[in-house]
Every structure is written in C-alpha cells, then in structure tokens.
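Hi everyone, thanks for coming along.

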Amino acid sequence: MLLVIGVLLAAAGVLWTLQGLGVVGGSVMSGNTMWAVIGPIVLVAGLVVGFVGLRQRRPPS
C-alpha cells in the first residue's frame, strides 16, 4: 500500500514541477513558481514513502 502511495506522490511531484516550470501547460499551476518548489518536495516525499513500502514487503513463504 505504501509503495502505491509513494508512486502516486512521486508522479504528482513530477507533474507539479513541470507545470510550475511552464513545461506542461493548460492549468492554473502552469508557470507558477510556487509549484516548481512544491513539486520536488512532494517528489522526494513520494520516493521516501515508496522506499519504505518496498522495505516492508515480506518475502514469499
């Protein structure tokens, strides 16, 4: 479950970063530097949560 949440957070972080930098258009967030700062923070948080999720997976019996 944590792995899925981590992947979703990481994907959102990448999208928000690209929108904040103006690479992805068509949104209120496009070109807004606040999202260029929030995006990488969410990306790193997603990677941490995903890594914790991977570490907690139990090996098959």
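Let me begin with Ile5, which is partly exposed, at a relative accessible area of 38%; here buried means under 20% relative accessible area, exposed means over 50%, and partly exposed is in between, with a 1.4 Å probe and protein chains only. Before I go on: this is a predicted model, where local features need pLDDT of at least 70 and side-chain atom pairs count only at pLDDT 80 or more, while totals for chains, interfaces and linings use all residues. Residues are numbered from 1 along each chain as its sequence is written, and side-chain values use heavy atoms, leaving out hydrogens and water.

Ile5 sits in helix 1; helices are DSSP runs of H or I with at least four residues, numbered from the N terminus. It also belongs to a nonpolar surface patch, together with Met1, Leu2, Leu9, Val44, Val48 and Val52. Together these residues have about 600 Å² of accessible area, computed by the Shrake-Rupley method with a 1.4 Å probe, and for residues only the protein chains shown count as cover. A patch takes residues with over 30% relative accessible area and no salt bridge, joining nonpolar side chains (Val, Leu, Ile, Met, Phe, Trp, Tyr) within 5 Å and like charges within 9 Å. A salt bridge, in turn, is a side-chain nitrogen of Lys or Arg within 4 Å of a carboxyl oxygen of Asp or Glu. Helix 1 (2-20) and helix 2 (33-56) each supply at least two of the patch residues.

Now, which residues of helix 1 are buried? They are Gly6, Ala10, Gly13, Thr17, Gln19 and Gly20, and helix 2 is part of what covers them.

Trp16 is partly exposed at 26% and touches Met29, Trp35, Ala36, Ile38, Gly39 and Val42, contact being heavy atoms within 4.5 Å. Its C-alpha atom is 9.1 Å from that of Leu43, 27 residues apart along the chain. Thr17 is buried, at 16%, and its contacts are Trp35, Ala36, Gly39 and Pro40. Gln19 counts as buried too, at 8%, and meets Val24, Ser27, Met29, Ser30, Gly31 and Asn32.

Finally, the geometry. Helix 1 has 19 residues and spans 26 Å from first C-alpha to last, close to the 27 Å expected, that being 1.5 Å times one less than its number of residues. After helix 1 comes Gly22, with a positive phi near 85 degrees. Thanks, and I'm happy to chat!

Terms used. Lists of a residue's contacts leave out its neighbours within four places in sequence.
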